[in-house]
Structure formats: structure tokens, C-alpha cells
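Hi there,

Here is the structure I promised to pass on. My notes on it follow below.

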Amino acid sequence: MSSDGSKTINSLAESIIIDEVSNDKIISSNKDQSTNGGDNNSNNRALSALQRAVEIGTILSSQVMAPILTSLAIKQNWPNEENGGWEAFWSTTTPTTSSNGIAAATATTTTLSHAQRLALSLEKLGPTYVKFGQALGSRPDVVPPSLARALSTLQDDMEPFDNDVAKEIILAELLLREANGKEPLSSSSSSSPSLLGGIVEQIEQQQQQQQQQQAMLKDVEALVSTLTEEPVAAASIGQVYKANIPGKGDVAVKVQRPGVRLLVERDAELLLTVASFLESLPALPSTTAARNNSQGDTTNKQARLINTELVSTTQEFMSRIFEELDYRKEASNIAHFGSLYSRREGTSKDVSVIVPKVYAELCTENVLVMEWIDGVKLTDVTGTNNKGGQSSTVEENLALVKVAIDSTLSQLLVQGVLHADPHAGNLLKVRLEDNSVTLGYLDFGIVSTIPEQVRDALICSVALQVFSRDVHAVSSLFGELRLIPQHILDKDDERAALAEALEITFENSLLYPNAAGDDETTAIPDLKFDKLLDSLSRLVPRFQFDLPPYFINNARALSTLEGIAKSLDPSFNVLTIMYPYALSRLLKNPSKSEVVARTLQSLIRSEDGKIDRKKIRRLLRDSALISGKSKRRVVWDVLKTKEGRILARGIVGEEIGNYLGRNGGKRGDDDDTGSSNKQRQKMKNKRWYYLEL
């Protein structure tokens, strides 16, 4: 590094520190003023929320609603099969005029589809609303393909902000981190045996700090000087550049958009204001009386029109976005995720994926530096379909998406630490040196932790509904899932109403073929995640649902991956991948959960507590069909586990005991002994234990 370059960087660092101190004083002054004017703050928040609402309304009305209404007025018809339906509607283009603000003569006219207009409007509205667009863009099986394609640009192909500004932020943030991160030298050393020893130690500390500072400055200079001219990706919160640091190799540098935090804060104020207003709405008098009577409430207190805790739910949602705004938190998430699932150092036996190494010493709240990973985004993978791509490529891509779902289920049900934002832009198809492919993860802004109690209840819910179709048993587990307050489930009428509502929900989201199956035949259901989420959301206000952030994120993660898989293979069924996790957790019961143990017994026993052969045969048949394995292979999967062998011995032993109890005599009699031996031989010759069990 040249001396001139070092002086320039050092002088810039000094100016940054001075600016930072000045900003701190301003912020402190504002805080002092805020403590003396609580009413003013409240009024300011309300005004800010109103202004933000006007901004949103202006953007949507001018960019989306006006062109769409004009288009509908011209066609004079709502989208239907005759005019091409919603696909044709979202593909419809209308002209738009843009001007550089100098003269009308310089204005340019372009055509945009309705889908493109909506995507651009969400981009202008900022990260809060981009999240909704990203979720829809990952579901081409739910929304029209033209809309899904337009919304998919919100994942990492948004309009970037100025490159010079981005590079100034990177340099300033890293230099400021270095300036603030230096440890002050102590004036004396209590551990030194003498004054001379203390002086020597101080000198060594100072030299070490200078060496670290020089190394840090070299890394910063190398990073800034090798940044790509343009960002390689741009999303709602930040954009990414590629750079190179000697000794570390190629790195990805993510820098946050200026002003994005303030925008999210204004969105939070608006959404919380709306949520508070909706929560304050009283129920209609007749509704209030009926609700109080159904709940045994004799206080005649005024019930709310909407039971859902909208404010707390909104706070949880916005807290997740604020969490993504802190790149230091994301750096911590990467390190934690990598320690579990990385191919290099992960401890998980089920998941082995590419996780970038993070360089924490170069990370700040607004800048993140991590290892560069070469790969193809799954947004590009989904563009290769059976019509346009080679079948071998499609199979390879579909296998990779299945690995992603397998990985997500393992994170969700085994480890309990989950990458909760796996849209196609955050997943990479990475080709290894041996030409095989594996999965790579990016963007760790949201990593969820799932309590073990919830993991157990999820497995039990799936098993009870898929194998037994016992919606009443599923409804009783909603307390274990921490979705509904237990005092609601303790009331018989509320639990019955929930079971009835869930039955309708599962009819819409767990679709069986025309031959729905009976005791002797089985039909594999198709789980529709999008319809499941939609139906559950409709139950929120009725049953005081409290959807924890990890539940929403997990459901969104699986829904996103299911959508990618179905775009490659419309016949894909997520239950085929979920089966081994359900079987393993039911058998092993690692948490020694009474709920899991009770669920397993309910799948093999009748109501009187006895072994039910029909249930066992059906369970094996369903497991074989859902997993695509033979019944013998399913039996082998069970017997491979210690818990499975114990269960099988218990079933066989109990059945033999019951059989002998019904037909056998006392062992003391020779004839009876001979009879018992014949009966045992007869039982041994019964092949259903081996063929059906």
C-alpha cells in the first residue's frame, strides 16, 4: 500500500469518526426532546403513517390501478376462459410515458405489462412489500406464469442504487469499524511484575495493534479496489458486488441501500396504526352476546370484532424485516448455520450443503463480506422445463430441488434450525470438481429456531391426518403447536368447531384422487401448501390463532420449494419426502414426548387399546405408497432402528399372547402343552407378520 493511499484512508477515517460523533450528539439531542414531548411523538407517528399511506396509494393508483382499470374498460370484460383468463390479463401491455424532467420533448414511451407494473410498484414501495411479491413470484403453480415471472425479478434483479454511493458506504463502514474496534491501551498492567515489564507489554500491544490495523487496511484497500463496476445482484434491502482479497480469494460484498431502515420504520408505523385501529373495532352487539354465551362469559364485556392479536403479529413480522437490516446478525446466522450443515464443518448427519464462509472482521451493520460461491440460481433452473430443456437436465434440477426440500425438512424436524427464506434466488446449483451437483445457500437474514415440542406436534399432526384422517386428534394438537391458546381448546364447543373448520381446510388442501381409499385400498393425497396456508389464515380471527414467526417462515419455506418442484414436475408430491422424517421421529421419539408415543399407539391400536391388524396393514400400505417403497422395504426401515425392533417384538408378542389366551390351555397339562406347541407352530407359519408387518 502506498503512503499516499494510507494517508487518504486514514484522513477519511478521521472525518468519518467526527461525523459519527456529531450524529450521536444530534440523536442524543433528539432523544432528550422526545422524552419531553410524548404527545408530540404520538402525533408525529400518526402523521408519518398518514404520509406513508398517501405515498403507497399514489404509487399503486398511478402505476397499477389506473392502467389496469383502463385496460378493463377498453375490453369491457372481466378475465375469463374466452379472453385468455388471468394469464392474458397480466400479460396485457399498456404504454407508459417517462420524462427526465427537462423537457416534454425528451419524454420516452415504453410498454409494460400489468405484471411488470405491479412488480415495479412493489419495488418502489420497499422491502416490506417486496417480501409479499417474492413469495408470490416463487409460486408459478399458484399465480399466472406471467405474473410469477415479473415478480421473480424482486428476488435479486431490482434497480440498483448508485455505485459510487455504494462504494463510499463500504469504505466508510469498514474504516469506521476499524476505528471503533481498537482496544484502548491500559495505563498500567497489574499482571506485570515490574514497571519495566508493564512498559514492555504496552509496547508489544501497541505494535500488535498497529500490525492488525495495517493488515485490516490492506484488506479494505484490496476489497474496494477490486469491486466489480456494477453489482452482480440487487434486492430490496441491499446489493452485492464481487471483489478479491489476497489470502481470502474471491468474496461477495453486500451493502445496504441508504435510507432503507427509515422506510421500513415508516412502514412499521403505518401497519401498526392500522392493526391498532382494527383491534379497537368492537363486535356487533348480537355477535358479542353470542360469543360471550358460547365462551361462558357472564361479564358482558365488549368483545372485539377481530380476535386475532394483529398488533403483536405485525410487530413479529416487522421485527423479522428489521432483523434482516442488521448484517452483523446475518453474519452470526451464517456461522451458526454453517456449523450445523456446511460440507466443510457441519455436524448434521442428514444435511450437507455449501455454506459460504463469513469474514466477521469485515462485517458491520450495513456491510457483509463472505466467501464467493460460483453456481446457478434456482431461478434459472426453473426456466428449464420439459418443453425447452433436455430431460437429463430437468431430472438433475428436480433432484436438486428435492435435496433442497429434504434439507429444509431435516432443518425443520431434526435440528430445529432453519433457513427460513429459501426463495429461488437464495438457492444455488453448485457443480463440484467431480462434476456432481450440490445445493448452495445464500442470504441468511432470517434463520428460525423451532422448539422441540412444536417439531413433535408437527409430525404427529401430519401422521394423524394423512394415515388416520383423524381431524379431531389433529385439532387437539394445536395447543402443542402453540397456535391456539390452551383455554380455547379446553372448551368442548370450541374444539368441536375447530375440528369442523379443519375438516373443511383439509378437504381443500389434502386432495385425494377420485378413489379415496377404504380399509383395503389406498389413494395417495396431494398436499397443496398454498391452499393450506390460505385456509389456515382464514381461521385466524375465529380461533385466536397466534402464528409464531417460525411457523410462518417454515410454511413459506416449504411452500416456496414445493412451487419450484412443481414447476419442474407438476406431479411432484412433498409427502413422498416428508415420509422418512415422520417415520423416524415417530419411532425414535428422541424427545421422549408423550404426544409422539400416544400418536404412534393410536396408529396401530383400536379404541379399546388392542392391536388392530387392519390399522397396521393400512399404515404399511400407505407408507409404501407414499414413500414409493415396497412394504418389505418399509418393514426393513422400521426394523433397522432399535425402537422399531422393540415395537415389532411388542406387537408380535402381544398378538401371540392374545392368540394363546383365546385358544390355549394351561401349560401344566401334557395335552395342553402339545396343543400349545401346535398353536405356536401355527402362529409361526402365519406369514402376515412378515409380509404385511
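Strands here are DSSP runs of E with at least two residues, numbered from the N terminus, and two strands pair if DSSP finds at least two bridges between them. Please keep in mind that this is a predicted model, in which local features need pLDDT of at least 70, side-chain atom pairs count only at pLDDT 80 or more, and totals for chains, interfaces and linings use all residues. Residues are numbered from 1 along each chain as its sequence is written, and side-chain values use heavy atoms, with hydrogens and water left out.

Now to the sheet. Four strands make up an open sheet in the order β3-β4-β5-β6, with antiparallel pairing. β3 (233–234) and β6 (367–371) are at the edges with a single partner strand each, so one side of each has no neighbour in the sheet.

Strand β4 (residues 238–245) is joined to β5 by 8 bridges, and the two run antiparallel. Within this pair, N244 lies opposite D250 of β5. The two strands form a hairpin with 3 residues between them, and G247 in the turn has a positive phi of about 90 degrees.

On to β5 (residues 249–256), which is linked to β6 by 5 bridges, again antiparallel. A252 has M370 in β6 as its bridge partner, while V253 stands opposite V369 in β6. Of the 8 residues of β5, 6 are buried, so this strand is largely enclosed by the rest of the structure. Buried means under 20% relative accessible area (1.4 Å probe, protein chains only).

Best wishes

Terms used:
Buried < 20%, exposed > 50% of the residue type's maximum accessible area, 1.4 Å probe, protein only.
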